[in-house]
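Please look over the sequence and the structure below before reading on.

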Amino acid sequence: MSDGKVTVSLTGEEWKLVSALRGIPPSLLREKTMAAVEALVDYAREPKCSEMQADGVPCETVTALCEQCLHVTWLVDSLRQRTLEARKQIGASN
Ligand SMILES: [Zn+2]
């Protein structure tokens, strides 16, 4: 790994994501997208939401249905929906 590269086996779904990230041209938007994806993955893996849940236990998993996790899930869904709608509009104008 002296050249900074790693050899891994990916599922089709994982490869689709990695390939899409690689396809973003070098730009500020690419840097910000990479940082946002990394932050989102970190959050989803281990939320550690600041607010205690109804049972008094801090949220440590996105399956806990805590308010903050639900809000983040809504934001991700909203972003995805907006992206799909923007693609439709661009496709419709071409
Ligand atoms: Zn949470």
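## Model and confidence

This is a predicted model, in which local features need pLDDT of at least 70, side-chain atom pairs count only at pLDDT 80 or more, and totals for chains, interfaces and linings use all residues. Residues are numbered from 1 along each chain as its sequence is written.

The mean pLDDT (the predictor's confidence in each residue, from 0 to 100) is 86 for the protein, and 86% of its residues reach 70 or more. Confidence is highest in helix α1 (residues 12–22), at a mean of 95, and lowest in helix α3 (residues 67–93), at 88.

## Overall fold

The protein has 3 helices and 0 strands, where helices (H or I, at least four residues) and strands (E, at least two) are DSSP runs numbered from the N terminus. Along the sequence the pattern reads α-α-α.

Of the 94 residues, 1% count as buried, a term that requires 20 or more other C-beta atoms within 10 Å of the residue's own, while exposed means 12 or fewer and partly exposed lies in between, with C-beta atoms placed from the backbone.

## Helix α2

Helix α2 (residues 28–45) has 18 residues and should span 26 Å at 1.5 Å a residue, which agrees with the 26 Å between its end C-alpha atoms; the expected span is 1.5 Å times one less than the number of residues. Because the number of buried residues in α2 is 0, the helix lies largely in the open.

## Thr61

Thr61 is found in the loop between α2 and α3, and it counts as partly exposed because it has 14 C-beta neighbours inside 10 Å. The C-alpha atoms of Thr61 and Ala44 are separated by 7.5 Å, although these residues are 17 residues apart along the chain.
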